[in-house]
Amino acid sequence: MIVVAGEALIDLVPQGTGALAGLQPALGGGPYNTAVALGRLGSPTAFCSRTSMDAFGEALLDRLRESGVDVSAVQRGTEPTTLAVATVDGDGSAAYSFYVDGTADRLFTAPAALPAGTRAVSFGTCSLVLEPGASAYEELLRTSAAQGLFTALDPNIRPGLIPDADAYRARFKSWLPSVSLLKLSEEDAQWLGGTPHEWLSAGPAAVVLTHGGAGLSVFTRDGSIHPVPGEVVEVVDTIGAGDTVNAALLHGLALRDALSRTAVEFLGADDWTRLLRFAARAAAITCSRAGAEPPYASEVGEL
């Protein structure tokens, strides 16, 4: 079982140009997209979050169930669902503004236990920023690592949500000893400061850096760097692409029985090349269609 911990929200995606373009609601949130993608790829997956009892919250849970994701660890609340208003530029890149005050996911509390058979837990995005839930997710990260579970982190920086950048950067560094696999975009890396080699020295067994359409690279503790190019695709938008990469990496590691720090450190160049190419294919499919629509295993092909 791979558990994905973090927010589920509604993306409001413009259907035209200009500030008053019509908005189409879409199910989203970085961790939520990762859970859906894992379920579609065929990995046993559970979602650990707190969602609203409103119509949006019900729709979010319905899609998880349809994707084969266990929702027994999802907490519920009467507060509304978080909204994220997306803007998509000419090359399909998305930016967001958020409506988060008093929403259900902010009141997440750390569970007493994770679902039976949990081997890995994935974290990231807004859930690690917005209090009081952020401290609860941080507690779950540290507890999971202390229990020997494989932990994955995608900070997926949303600067507009972070009131104190320096405080967040310090907090990010404090998480690294508890992180097995760190994945982030070039933009995240630039905002955070530091280098993959510095982050590796703090704890992770590997750091995966995404380069948009140019592909992705992995940095390993032995000093190696293994890059792969991106897949050529007609981009509709990039919503959910990084989340699909997260899922593909975790799915691939699970197939290799490599959900441990030690196993990751023993992966060779061929292993990483196959894994990153699989992730690139999966992300390209997501980019080829509107909104966060991760692919099914049959669409991506063999690892």
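In which helix is the place of alanine 146? Select residues 133–146: this is helix 3, and alanine 146 lies in it. Helices (H or I, at least four residues) and strands (E, at least two) are DSSP runs, numbered from the N terminus.

The model is predicted, so local features need pLDDT of at least 70 and side-chain atom pairs count only at pLDDT 80 or more, while totals for chains, interfaces and linings use all residues. Residues are numbered from 1 along each chain as its sequence is written, and side-chain values use heavy atoms, with hydrogens and water left out.

**Helix 3**

Stay on alanine 146, which counts as exposed at 70% relative accessibility. Buried means under 20% relative accessible area, exposed over 50%, and partly exposed in between (1.4 Å probe, protein chains only).

Now colour Gly133, Ala134, Ala136, Tyr137, Glu138, Leu140, Leu141 and Ser144, which are buried in helix 3. The buried residues of this helix pack against strand 1 (2–5), strand 4 (45–48), strand 5 (50–52), strand 10 (120–124), strand 11 and helix 4 (165–175). Contact here means heavy atoms within 4.5 Å.

On the helix 3 side the contact is made by Ala134, Ser135, Glu138, Leu141 and Arg142, and on the helix 4 side by Arg171, Ser174 and Trp175.

Just past helix 3, pick glycine 148, with a positive phi of about 85°.

Step back to the loop between strand 10 and helix 3, where proline 132 is found. The peptide bond joining glutamate 131 and proline 132 is cis, with omega about 5°. Threonine 125 is in this loop too. Its phi is near 65°, a positive value in a residue other than glycine. Most residues other than glycine have a negative phi, and most peptide bonds are trans. Threonine 125 is buried, with a relative accessible area of 6%.

Select residues 150–154, strand 11, and go to aspartate 154. Aspartate 154 is buried, at 3% relative accessible area. Its side chain makes a polar contact with that of lysine 183 (3.1 Å). A polar contact is a pair of N or O atoms within 3.5 Å; within protein, one must be able to donate a hydrogen and the other to accept it, and residues adjacent in sequence count only if both atoms are side-chain atoms. Not counting residues up to four places away in sequence, aspartate 154 touches residues including Thr125, Asp188, Asp243 and Asn246.

Move on to asparagine 156, in the loop between strand 11 and helix 4. Asparagine 156 has a positive phi near 45° and is buried, with a relative accessible area of 12%.

**Helix 2**

Finish at leucine 61 in helix 2 (residues 55–66). Leucine 61 is buried, with a relative accessible area of 3%. Leaving aside neighbours within four places in sequence, leucine 61 is in contact with Thr51, Val71, Val74 and Arg76.
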